[in-house]
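Please keep the sequence and the structure at hand while reading.

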Amino acid sequence: MKVIVLGGYGAIGSQAVAYLREMAAHVLAAGRDPKRADLLIDAGHPHGLDRVLKDVDVVLNCAGTEDAALAEQVTRHGAAFVDITASAEYTFAIERLKPSAPILLSVGLAPGLTNLLAAAVQHEAPAQPIDIALLLGAGERYGKASTAWAYQLLGQDFADPATGERIRNYSRPRRFHLPVYGVRRLLRVDYSDQHVLHRDLGVPVRTYFGLTSRLATAALAALTRLPVAAHAVPSWHLPGDQRWLALSRSANGRTHTLGGQVQAQATAAIAAIAALKAARLPRGVHHLHHVLDLSDLAALPIRLHPWYPPTPEPNR
């Protein structure tokens, strides 16, 4: 299988390239840096892909470029397109396409792993509203695109997928009992998983976010209230470790949880598995929970840790 990884030398892309090569795929790291790229490609100008897409099976986008024209260009040549984006608006734009090859979205931790956790909870507790919790360690220095995306949400509103109510990112705290970390108050954030899952599972789904540092989480809640928050990207680095945890729980307390070390590694591992899966899908737009479930994660090149709270705890 031949795979091109856009942003293939970045924080996530470089590890996705390594994992795919371990899985015996022929992989080319693509980007704009001639010293680090196997292919010189600017993902912001998708027409440049025409010359390299012959005999390519999959293009994995880890570059942070969010342009539906890029997905359209790739699939027009018959290659599958996989994207690790968390952006709801970009996801909606991709879903409006009628591609001639498969597109696989919701790939990574959130969306991605969170989709699989929510689908597992919904299978065990049907017709129950679902809350998703994502806790990340700010001690890991993510790629520039990921960091900019997270800060860009400050001060921005989004429509709740179930009610249509306008909600400000990093607000509306909710209490979660998290394994290892104890009771935490996490904040609503506009990850695309809640929108896609609300539609696909037919129940209200809400995504909450926090950092392993309580102080850093409180800082996000404070910054999002500032009038200029969306235009002021902090230059400082928030404190924290490199652990992460993803949890999904139903309203009656049914819970699934997975965690690990280093978000970029987990995202890259899931993206690598997704890229191999995408090449064999029918044409059209798919999401990770359409094609994988939690049992498929045993094939990941890293180990995820199943953590369970001592007792199921209902929403509060």
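Which residue in E2 is the bridge partner of Ile4? In strand E2, that partner is Leu28, and the sections below place this pair in its sheet.

## Basis of the model

This is a predicted model, in which local features need pLDDT of at least 70 and side-chain atom pairs count only at pLDDT 80 or more, whereas totals for chains, interfaces and linings use all residues. Residues are numbered from 1 along each chain as its sequence is written, and side-chain values use heavy atoms, with hydrogens and water left out.

The protein contains nine helices and 16 strands, these being DSSP runs numbered from the N terminus (helices H or I of at least four residues, strands E of at least two). Of its 316 residues, 57% count as buried, a term that stands for under 20% relative accessible area, with exposed meaning over 50% and partly exposed lying in between (1.4 Å probe, protein chains only). Among contacts (heavy atoms within 4.5 Å) between residues at least 6 apart in sequence, 67% join residues at least 24 apart.

## The parallel sheet

Seven strands form an open sheet with parallel pairing, in the order E3-E2-E1-E4-E5-E6-E15, where two strands are said to pair if DSSP finds at least two bridges between them. Its edge strands are E3 (39-40) and E15 (284-287), each of which pairs on one side only.

Strand E1 (residues 2-6) is mostly covered, with four of its five residues buried. E1 pairs in the parallel sense with E2 (residues 26-31) over five bridges, and the chain passes from E1 to E2 through helix H1 (residues 13-22) in a right-handed β-α-β crossover; right-handed here means that, with the strands pointing away from the viewer, the path from the first strand over the helix to the second runs clockwise. E1 also pairs in the parallel sense with E4 (residues 58-61), over four bridges, and there the bridge partner of Ile4 is Val59. E4 in turn has a parallel pairing of four bridges with E5 (residues 80-83), where Leu60 stands opposite Val82.

## The mixed sheet

Another open sheet of seven strands runs in the order E10-E11-E12-E7-E13-E14-E16, and its pairing is mixed. Strands E10 (171-178) and E16 (305-306) stand at the edges with a single partner strand each, so one side of each is left without a neighbour in the sheet. Within this sheet, E7 (residues 130-136) and E13 (residues 243-250) pair in the antiparallel sense over seven bridges, and Leu136 stands opposite Trp244 in E13.

## Two helices

The buried residues of helix H7 (residues 214-223) are Ala216, Thr217, Leu220 and Ala221. Seen down the axis of H7, these residues fall within an arc of 145°, so they line one face of the helix; the arc is that of the directions from the helix axis to the C-beta atoms. On the other side of H7, Arg214 and Leu215 are exposed.

Helix H8 (residues 263-278) is mostly covered, with 14 of its 16 residues buried. From its first C-alpha to its last, H8 reaches 22 Å, close to the 22 Å expected at 1.5 Å a residue, the expected span being 1.5 Å times one less than the number of residues.

## Confidence

Where pLDDT is low, the predicted coordinates should not be read in detail.
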